[in-house]
Amino acid sequence: MPLTANTLGQVYALTVLTPIAPHAEDALRATLARFEHEGSPFGDLGRTHFARWVVIEDFVNDPSQPTEDHLACHYLLFSATLDGELDSYLDALCAKDWAAEVWGACIGAPGPSQRAALKAYLKHNQIDTGLFFCAYPDARVEHVLRALELRRSFVDFVVDAQALEPEALAAAFRTRFCGS
């Protein structure tokens with residue numbers, strides 16, 4: 001499995017850092033909080049293994065440095081691991097209304113109807129991800145979800161079948177998992 005910046009196996013790591021417009025930060029935080037209550041908007045993008053937004057208020061300098069540096073404004077950090085290549089993922093991401101809502105709070109972001117411009121904006125603000133973790137770098141999201149569902153089904157079967165005799169257990173297993 002080749003290792004290059006932003007890739008591990010068939011998984012791509014996307015890291016984007018964008019400056020937040022000071023007048024739009026409260027609305028951005030409210031939008032991100034809404035996602036915590038309503039569920040991840042990335043469920044609609046079936047290629048997303050992991051995604052997270054973080055508002056960075058400042059960086060902590062190395063205490064041994066003689067001067068302190070501070071950010072001029074707060075930044076929005078977006079980190080995601082996704083199946084396959086970046087361009088088609090960004091096309092799907094930028095087609096979502098919530099993407100324009102989130103990055104519309106950032107300095108220099110295009111208007112909500114400008115999907116191609118939003119994609120260019122995100123690529124312009126992308127930072128190479130040289131090292132990242134992905135539990136299943138060669139498994140697509142759909143395969144991981146299918147394996148998790150099989151695991152859930154198997155655990156349910158184990159709980160339900162605890163009292164069965166060996167022959168009944170074998171028959172129940174075949175019925176549930178082998179279709180016979």
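Me: How many bridges join strand 3 to strand 5?

Reply: Happy to start there: this is a predicted model, in which local features need pLDDT of at least 70 and side-chain atom pairs count only at pLDDT 80 or more, while totals for chains, interfaces and linings use all residues. Residues are numbered from 1 along each chain as its sequence is written, and side-chain values use heavy atoms, with hydrogens and water left out. Strands (E, at least two residues) and helices (H or I, at least four) are DSSP runs numbered from the N terminus, and two strands pair if DSSP finds at least two bridges between them. Strand 3 and strand 5 (residues 75–83) run antiparallel, and the number of bridges joining them is 9.

Me: How many residues of strand 3 are buried?

Reply: Buried means under 20% relative accessible area, exposed over 50%, and partly exposed in between (1.4 Å probe, protein chains only). Strand 3 (residues 11–19) is mostly covered, with a buried count of 8 of its 9 residues.

Me: Which helix and which strand each supply at least two residues of the lining of the largest pocket?

Reply: A pocket, on a 1 Å grid over the protein atoms alone, is an open set of points with protein on both sides within 12 Å along at least five of seven lines, and lining residues have an atom within 4 Å of a point. Of the 13 lining residues, those closest to the pocket's centre are Leu32, Phe35, Glu36, Arg52 and Trp53. At least two residues each come from helix 1 (25–38) and strand 4 (48–56).

Me: Which helices hold Lys119 and Asp91?

Reply: These side chains meet in a salt bridge (2.8 Å, N to O), a term for a side-chain nitrogen of Lys or Arg within 4 Å of a carboxyl oxygen of Asp or Glu. The pair ties together parts 28 residues apart in sequence, because Lys119 and Asp91 lie, respectively, in helix 4 (residues 115–124) and helix 2 (residues 86–94).

Me: Is Asp160 buried or exposed?

Reply: Asp160 forms a salt bridge with Arg176, the closest N and O atoms being 3.8 Å apart. Arg176 is partly exposed, at 38% relative accessible area. With a relative accessibility of 57%, Asp160 counts as exposed.

Key: 1 Å grid on protein atoms, 1.4 Å probe; cavity = no way out; pocket = protein on both sides within 12 Å on 5 of 7 lines; lining within 4 Å.
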